[in-house]
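This report examines a two-chain model. Please consult the sequence and coordinates shown here before reading on.

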Protein chains: 2
Amino acid sequence: MPDRELSATARTKHKRLRDQGRTDWAELFAVLRAGLVAHLAVPTEQGVMVIPTVYGFDDEHDYVHGSVASRSLAADMPEVTLTVTIVDGLVLARSVFEHGVNYRSLMIYAAPRIVDDPEEKLAGLRLVAEHIAPGQWDYVRRPSRKELAATRLLALSLAEASVKVRAGPPDDSDSPDATLGLWAGELPLETRWGSPVPDPALPDVIAPPAHISARAGNEVHPR
Amino acid sequence: MPDRELSATARTKHKRLRDQGRTDWAELFAVLRAGLVAHLAVPTEQGVMVIPTVYGFDDEHDYVHGSVASRSLAADMPEVTLTVTIVDGLVLARSVFEHGVNYRSLMIYAAPRIVDDPEEKLAGLRLVAEHIAPGQWDYVRRPSRKELAATRLLALSLAEASVKVRAGPPDDSDSPDATLGLWAGELPLETRWGSPVPDPALPDVIAPPAHISARAGNEVHPR
């Protein structure tokens, strides 16, 4: 991972709530690693579509995939915005106004590049698959030539990114509201993997592989 | 709740993966109720910003709020897109290609209306607060005139909305891949409220109110 700071262009520079802004490149990867699903905003002639999608990443790019038939991943895509948000809990303050959310988030602006090189495409798809379900790439059948042709892979540069994080108690403990005698604090939100549920069509003798069953009970968005 | 079908405009009509599309108006509210945080895509001169935000709703509108100082909620906002996504688990198929996600999601296109009427604004802010933390509006200090002036509330019509849901096992149990002898199924993702964490600045004698402590262990995104 490059030892550097995140971009500070006009649109990624933190203007408001600066204490929640992060500038270290490592924080971008912390959110990318901990996240599961991104939201991809794609301007189209009919308005901005926002698509939830899985993703993968390497040191320089985020990868998202979809069908070549998808309207939202058309070949002539303009710049897109990718957002990853992890909700860690509610910030319960002494006033409605000071209520908020503890979260980890990133926003990436990029002009997507369609990955056509077969080797690069396979590597990118592997990053996506291994990010959501580590171990599956080597366990299940890999993409056929036909499936690869039906899949569009987009590479988004991480060069222009913004990261924001909020954690901890509400900010009003030294305000006049602290004398109201009200409880205040955080209500954490815990996201864990459940136990694998076999496909009903599966013969009983086939057990889930260890890389799947070992996830049950684990945090989905570890810090 | 109006007994009607969801819109089917050019951009909300389901073109691909139609079996995941929903047309019943009630399904929109099911996702709105079960969701917690939305993503709001706002076209700006500098590109599309995508902002995670809490929300509330009534029979006809979704409400989101923010600071009047926020770049993303500027007074002259064009049409925006609001997305709510709930991730229910991973779909682990017998091939990489058939992998996917079980989810509930909605996408709303709307030209936001800035709510200026003080009574309507207070009612809208209450809907937002009560959606994320039911009971808090009546427990904590409500917004002052100054705080109301510093808050922008946007009303987004629900008239043009699209809902998609996927649930259940992978779709490849009757494909040739079923003979590979591989495990396949779902890996559920469980999101629950944790135990309330008191603000360290809080005197020990103040206990969390029942409407907060009773949430611990409850599902965040119930069906």
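The sections below treat the overall fold, the helices, the strands, the interface and the symmetry.

## Overall description of chain A

The structure is a predicted model. Chain A contains five helices and 12 strands. The C-alpha trace of chain A extends over about 65 × 50 × 40 Å along its principal axes.

Of the 223 residues in chain A, 37% count as buried. Sequence separation in the contacts was also examined: among contacts in chain A between residues at least 6 apart in sequence, 72% link residues at least 24 apart.

Helix H1 (residues 25-34) of chain A has A:Leu28, A:Val31 and A:Leu32 as buried residues. Viewed down the axis of H1(A), these buried residues lie within an arc of 100°, so they line one face of the helix. The elements against which the buried residues of H1(A) pack are S4, strand S6 (80-92), strand S7 (100-110) and strand S10 (161-166) of chain A.

Helix H2 (residues 118-132) of chain A has 15 residues, which at 1.5 Å a residue should span 21 Å; the end C-alpha atoms of the helix are 22 Å apart, in agreement with that expectation. In H2(A), the residues A:Lys121, A:Gly124, A:Leu125, A:Val128 and A:Ala129 are buried. These residues cover an arc of only 135° around the axis, and therefore lie on the same side of H2(A). The buried residues of H2(A) pack against strand S3 (47-54), strand S4 (56-57), strand S5 (61-67), helix H3 (136-139), helix H4 (145-150) and strand S9 (151-157) of chain A.

Is strand S7(A) largely enclosed or open, and why? Eight of its 11 residues are buried, so S7(A) is largely enclosed by the rest of the structure.

S7(A) pairs with S6(A) in the antiparallel sense through 11 bridges. Within this pairing, A:Val84 has A:Leu106 in S7(A) as its bridge partner. S7(A) also pairs with S10(A), again antiparallel, over six bridges; here A:Ser105 is opposite A:Lys164 in S10(A).

## A four-strand sheet in chain B

In chain B, four strands form an open sheet with antiparallel pairing, in the order S4-S5-S9-S8.

The partner of S8(B) is strand S9 (residues 151-157) of chain B, to which S8(B) is joined by two bridges in the antiparallel sense. In this pair, B:Ile114 has B:Leu154 in S9(B) as its bridge partner.

## The interface between chains A and B

The contact between the chains involves 83 residues of chain B and 84 residues of chain A. On the side of chain B that touches chain A, S11(B) gives the largest share, nine residues. By class, this side of chain B comprises 51 nonpolar, 17 polar and 15 charged residues.

S11(A) and S11(B) run antiparallel and are joined by five bridges, with A:Leu189 opposite B:Trp193 in S11(B). Strand S11 (residues 185-193) of chain A pairs with S12(B) in the antiparallel sense over two bridges, and A:Gly185 is opposite B:Pro198 in S12(B). Strand S12 (residues 197-198) of chain A is likewise joined to S11(B) by two bridges, the strands running antiparallel; A:Val197 is opposite B:Glu186 in S11(B). Within chain B, S11(B) pairs with S6(B) in the antiparallel sense over four bridges, and B:Gly89 stands opposite B:Pro188 in S11(B).

## Symmetry of the two copies

How are the copies related? Chain B is superposed on chain A by a rotation of 180° with 0.0 Å of shift along its axis, at an RMSD of 0.0 Å. That is the relation of a two-fold axis. B:Thr191 is the residue of chain B that comes closest to the rotation axis, with its C-alpha at 2.2 Å.

The interface residues of chain B are, at 100%, also interface residues in chain A, so the copies meet through the same surface.

Notes. Residues numbered from 1 in each chain as written. Chains lettered and ligands numbered in written order. Predicted model: local features only at pLDDT ≥ 70, side-chain atom pairs only at ≥ 80, totals over all residues. Contact = placed C-beta atoms within 7 Å. Nonpolar A, V, L, I, M, F, W, Y, C, P; charged D, E, K, R; others polar. Pairing = 2+ DSSP bridges. Least-squares fit on C-alpha atoms with pLDDT ≥ 70 in both. Expected span 1.5 Å × (residues − 1). Buried ≥ 20, exposed ≤ 12 C-beta atoms within 10 Å, placed from the backbone. Arc of directions from axis to C-beta.
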